[in-house]
Amino acid sequence: KRKKILSKECYNTWLKSRRSRPKSPQESFRNAVLGHLCAKNSRRPFPKDVEGSLLKLLRRKRTWYCFKGTSTVGCYGFKGFGYHELQDMIDLDRIFFAALVQFVEESS
């Protein structure tokens, strides 16, 4: 699944699905993938397992498979967080805060 999203085949299928060709198709594809990865602009996030696998690939400082030899998209690596990754951090933060409140109440 993870290589397929960044494959030349997936990129070409995505490009053909556009009504009109984007001015910067490689950058537009990058924005679409990252938009789903982070669930931005009301985009549906990738499933959690797909997100995890994709994040491993995107965080490497390598050009995406679909752009090898044609672009530098991906050469700096993705430094952000995926949608599910962020949700897990928020849940951990809530658990920590609840435990802290309980500790303070018990100490008083």
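Modeller: Two residues are in contact, or touch, when they have heavy atoms within 4.5 Å of each other. The model is predicted, so local features need pLDDT of at least 70 and side-chain atom pairs count only at pLDDT 80 or more, while totals for chains, interfaces and linings use all residues. Residues are numbered from 1 along each chain as its sequence is written, and side-chain values use heavy atoms, with hydrogens and water left out.

Start with the core. A nonpolar core is a set of buried Ala, Val, Leu, Ile, Met, Phe, Trp, Tyr and Cys residues joined through side-chain atoms within 4.5 Å. Buried means under 20% relative accessible area; exposed means over 50%, and partly exposed lies in between (1.4 Å probe, protein chains only). The largest nonpolar core here has 22 residues. Phe29, Leu37, Leu54, Leu58 and Trp64 touch the most other members. Helix 2 (8–17), helix 3 (25–38) and helix 4 each give two or more residues to this core. Helix 3 gives the most, with six residues. Helices are DSSP runs (H or I, at least four residues), as are strands (E, at least two), numbered from the N terminus. In soluble globular proteins, nonpolar side chains tend to be buried together.

Now zoom in on Leu37. Leu37 sits in helix 3. Its relative accessible area is 0%, so Leu37 is buried. Setting aside residues up to four places away in sequence, Leu37 touches Phe46, Glu51, Leu54, Leu55, Leu58, Phe78, Gly82 and Tyr83. Look at Gly82 in particular. Gly82 and Leu37 are 45 residues apart along the chain, and their C-alpha atoms are separated by 5.4 Å. Leu58 is one of the partners of Leu37. Neighbours within four places aside, Leu58 is in contact with Leu6, Leu34, Leu37, Trp64, Gly77 and Phe78.

Next, see how the helices meet. The axes of helix 3 and helix 4 come within 11 Å and cross at roughly 135 degrees. That makes helix 3 oblique to helix 4. Axes are lines fitted to C-alpha atoms, for helices over the stretch in contact, and angles run from 0 to 180 degrees between N-to-C directions. Angles under 35 degrees count as roughly parallel, over 145 as roughly antiparallel, 65 to 115 as roughly perpendicular and the rest as oblique. The crossing of helix 3 and helix 4 is left-handed. Left-handed means that the near helix is turned anticlockwise from the far one by less than a right angle; clockwise would be right-handed. Val33, Leu34 and Leu37 of helix 3 make this contact with Glu51, Leu54, Leu55 and Leu58 of helix 4.

Helix 3 also packs against helix 2, at an angle of about 100 degrees with the axes 11 Å apart. The two are therefore roughly perpendicular to each other. Helix 2 brings Cys10, Tyr11, Trp14 and Leu15 to this contact, and helix 3 brings Pro25, Gln26, Ser28, Phe29 and Ala32.

On to helix 4 and helix 5. Their axes come within 8 Å and cross at roughly 105 degrees. That makes helix 4 roughly perpendicular to helix 5. Lys48, Glu51 and Leu55 of helix 4 meet Tyr83, His84, Glu85 and Asp88 of helix 5. His84 is buried, at a relative accessible area of 19%. Beyond residues up to four places away in sequence, His84 touches Pro45, Phe46, Pro47, Lys48 and Glu51.

Finally, check the loops. Ser71 lies between helix 4 (48–58) and helix 5 (83–107). Ser71 counts as buried, at 18% relative accessibility. Its side chain reaches the backbone nitrogen of Val73 at 3.1 Å. This is a polar contact: a pair of N or O atoms within 3.5 Å, where within protein one must be able to donate a hydrogen and the other to accept it, and residues adjacent in sequence count only if both atoms are side-chain atoms. Asn41 lies in the loop between helix 3 and helix 4. Asn41 counts as exposed, at 70% relative accessibility. Its phi is near 55 degrees, a positive value in a residue other than glycine. Ser42 lies in the loop between helix 3 and helix 4, and its phi is positive too, at about 65 degrees. Most residues other than glycine have a negative phi, and most peptide bonds are trans.
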